[in-house]
Amino acid sequence: MALPATAERTSLLPGRINTATLGSYLRSVSTVDEVGVNERVAALSTRSIKKDSKLAALELAVSMMDLTTLEGKDTPGKIAQMCSKAMRPDPVDPSVPSVAAVCIYPAMVPHAIEAVRGSRVKVASVATYFPSGQVDTKLKIEETRRVVELGVDEVDMVIDRGAFLSGQYFKVFDEIRKVKEVCGGAVKLKVILETGELGSLDDVRRTSMLAMSAGADTIKTSTGKVQPAATLPVTLVMLEAIRDFYSATGVQVGMKPAGGIRTSKEAIRFLVVLNETLGSGWMTPDWFRFGASTLLNDVLMQIRWLKTGRYQSADYFTKD
Amino acid sequence: MSSKAVVPVSAPLDWQYAPSRESTGIVALKERYGLFIDGKFRAPLSKKYFPTINPATEEELAEVPEAGAQDVNRAVVAARRAFDEDWGSLPGKERAKYLFRIARMVQERSRELAVLETMDGGKPIREARDVDLPLVAAHFFYYAGWADKLEYAFPGLHPEPLGVAGQVIPWNFPLMMLAWKLAPALAAGNTVVLKPAETTPLSALHFAELASEAGLPPGVVNIITGAGATGGALVAHPGVDKVAFTGSTSVGKLIRSQLAGSGKRLTLELGGKAAHVIFEDAPLDQAIEGVINGIFFNQGHVCCAGSRLFVQESIHDRFVDKLKRRLSTLRVGDPLDKNTDVGAINSAEQLARITELVEAGQLEGAEIYQPECVLPRNGFWFVPTLFTGVSQSHRIAQEEIFGPVLSIMSFRTPEEAVEKANNTPYGLSAGVWTQKGSRILWMADQLKAGVVWANTYNKFDPSSPFGGYKESGFGREGGRHGLLPYLKGIGL
């Protein structure tokens with residue numbers, strides 16, 4: 001069954017979609033002033049989040065986390081341990097919610113599915129030859145099909161940055177569309193723009209619009225393999241693109257900053273930017289995720305401090 | 001079939017920020033202040049005092065003296081003596097040391113001064129802390145650097161100080177305006193009598209204390225408080241060589257006619273009705289932030305506020321929609337809360353003026369938009385307001401409102417934008433948003449405004465001259481230009 005990008009999603013695009021028409025559409029996308037973006041982010045970063053509002057934010061941050069391991073040295077044992085942490089982040093405090101998902105390589109999918117069975121934690125697999133995506137479209141589709149058949153809940157794909165930068169917009173669009181077809185309605189598709197390779201916030205915004213039009217359920221900043229990864233300015237620009245896309249098409253799209261977010265303080269800044277750009281409708285794990293591996297323990301440490309008034313050392317939080 | 005995610009939606013969090021109030025414990029308020037004359041706080045010869053209140057609560061903060069003619073005279077005499085015997089002949093490098101010391105002390109005490117500024121004036125602590133105080137220190141640092149380089153700034157012109165400067169400043173940026181006035185005057189070798197506005201006298205008096213601790217010789221800076229009559233006596237005093245005034249155009253006109261033929265030097269920084277021009281190719285989301293910052297910064301109590309918005313017709317509706325959405329996220333309320341974006345209106349009088357003009361806007365047929373907003377019960381408040389469908393002939397497009405009220409109009413061509421933007425008696429500032437560099441340069445050339453910001457708004461730097469055209473005044477503050485009004489023999 002072919003599942004084309006819906007009419008609402010493509011409503012911003014020209015009638016006939018090809019590289020030339022996509023190019024002229026992308027050039028019509030509102031430009032971005034980097035100085036202005038940095039200023040807005042700096043202003044929002046001065047928000048002072050204390051007490052109840054801080055605890056609420058940190059618990060939300062846990063529930064929004066895609067706990068991630070994407071390494072050559074990943075093993076079934078490592079996956080089992082991470083899944084255990086994902087389901088019960090703080091064994092001492094059961095009121096801390098489980099994380100949203102675990103994010104892993106395709107080879108690890110069966111182990112992860114097994115480990116999280118019966119819990120609310122979802123399994124997300126990277127696909128399309130993450131992180132570079134430098135293979136034929138056919139192989140990317142095939143890899144996606146394989147992880148979908150294995151039963152993942154979510155797929156994190158990469159866009160072809162080389163194709164985008166060389167102006168082959170239709171290739172980028174078409175790959176996303178085809179991967180979404182394979183995912184169908186039941187598997188959430190997150191599209192990684194790898195903003196660290198795009199070079200300008202204008203292109204961050206353009207790739208965001210392209211990915212959303214092609215069928216992305218969520219747009220995601222980075223693979224975590226390229227620096228800079230998830231910065232606040234890039235995230236703001238993507239959230240603004242989501243806002244414009246939503247008001248023009250009525251289609252709600254999620255956001256996932258990934259890579260480089262390590263402290264509670266940073267996580268809260270992302271939530272402030274989210275809250276003041278898109279509003280409460282996006283303040284849920286269904287529409288916002290943090291892709292992170294080391295953030296979780298810092299958040300747990302802060303939660304325990306807020307609840308008990310005491311800081312405990314890193315040794316009191318499990319490293320899985 | 002929809003390709004939206006089908007996962008069940010968990011309830012979104014309606015995230016309310018807990019109050020995060022800056023402590024006022026750091027400010028040691030006195031019950032009653034004196035006039036700072038000749039290095040000491042003195043009771044006024046007038047024997048009169050008046051209260052200054054916190055506009056966010058209407059609570060009285062302290063009593064300050066109302067300087068009478070005798071007090072003004074005393075201050076001017078002290079300034080003259082200090083000029084003749086001390087400051088006027090002090091080498092530039094020595095004056096610089098004092099200014100550097102003051103700048104550093106402002107930095108050290110910036111938290112206290114920021115809180116005080118917020119308490120007395122109603123501005124959000126975020127702005128007092130992140131904008132006002134850093135600029136105050138920067139201004140003193142900057143002019144400290146000029147003090148021993150005047151011969152290089154004006155080679156061959158033998159720059160010399162004028163004598164005693166009488167300076168009258170407004171209530172919107174009390175300490176920042178004090179810095180803009182004092183720093184160049186002192187760097188050039190003048191002595192000063194300064195009068196802060198009657199609704200915001202406290203930060204200047206605390207600054208006087210700081211100047212005294214910095215060891216500034218007695219009489220070099222004198223701070224006298226009072227209302228219009230005190231200011232009038234100061235500018236009229238025959239011992240004053242130079243008058244610098246920042247405030248309303250009507251008072252500015254009065255001062256100018258009063259000073260005609262007196263031989264006193266004069267600079268005026270008056271009102272404005274700035275045009276903020278948005279072209280269709282602008283980076284829209286950043287332009288929205290620029291517009292918001294342009295009109296709601298400091299509750300719109302800004303002479304260079306971007307109070308007339310001109311949006312190119314092709315993007316008008318979309319832009320206004322974005323603006324309305326953004327307006328609803330502004331946090332209006334307790335100025336001492338670190339998360340407040342828009343604070344209190346400075347005084348009951350100013351609130352009445354804003355209210356009157358907004359009513360006039362509605363009567364004249366413009367369409368008003370105000371977001372839902374819960375305002376505190378006490379204090380002076382005004383909801384951030386937009387007007388669409390505004391015509392050039394409406395009062396809200398012509399008169400300075402000096403409040404959080406934006407009048408939105410549209411244009412079709414760059415020529416029309418320029419024509420409308422310049423169609424005002426004022427000429428202080430303007431803003432242009434476009435991606436096209438050549439258009440920015442062309443617009444900057446065409447706009448009759450002392451300051452033109454491109455793809456940003458309300459940016460200040462001590463090295464950048466600031467001042468107006470037409471009824472917005474004359475003379476420049478900031479930069480090398482800012483020294484000219486305080487030096488003998490060098491024309492403006």
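Me: What joins strand β13 (residues 367-369) of chain B to β14(B), and do they run parallel or antiparallel?

Reply: In this predicted model, where local features need pLDDT of at least 70 and side-chain atom pairs count only at pLDDT 80 or more while totals for chains, interfaces and linings use all residues, 3 bridges join β13(B) to β14(B), and the two run antiparallel. Strands are DSSP runs of E with at least two residues, helices are runs of H or I with at least four, and both are numbered from the N terminus. Residues are numbered from 1 along each chain as its sequence is written, and chains are lettered from A, with ligands numbered from 1, in the order in which they are written.

Me: How do you know that the radius of gyration of chain B agrees with a compact globule?

Reply: The radius, taken over C-alpha atoms, is set against a globule rule of 2.2 Å times the number of residues to the power 0.38. For 492 residues a compact globule would have a radius near 23 Å, and because chain B has 23 Å, the value agrees. Along its principal axes the C-alpha trace of chain B spans about 85 × 50 × 40 Å, and the chain holds 15 helices and 19 strands.

Me: Which residues touch the most other members of the largest nonpolar core?

Reply: Among the 101 residues of this core, they are A61(A), M65(A), V102(A), A112(A), V191(A) and A211(A). The term covers a set of buried Ala, Val, Leu, Ile, Met, Phe, Trp, Tyr and Cys residues joined through C-beta atoms within 7 Å. Helix α10 (residues 232-249) of chain A gives the largest share, 9 residues. A second, separate core of 91 residues includes V72(B), A82(B), F83(B) and L178(B).

Me: How many residues does the contact take from chain A and from chain B?

Reply: It takes 40 residues from chain A and 32 residues from chain B, where contact requires C-beta atoms, placed from the backbone, within 7 Å. On the side of chain A that touches chain B, α3(A) gives the most, with 6 residues.

Me: What are the domains of chain B, and how far apart are their centres?

Reply: Chain B is divided into domain 1 (35-270 + 471-488) and domain 2 (275-462), with bounds from an automatic or database domain assignment. Taken over C-alpha atoms, 29 Å separate their centres, and the contact takes 23 residues from domain 1 and 27 residues from domain 2 of chain B. On the side of domain 1 that touches domain 2, α4(B) gives the most, with 7 residues.

Note on methods. Contact = placed C-beta atoms within 7 Å. Pairing = 2+ DSSP bridges. Buried ≥ 20, exposed ≤ 12 C-beta atoms within 10 Å, placed from the backbone.
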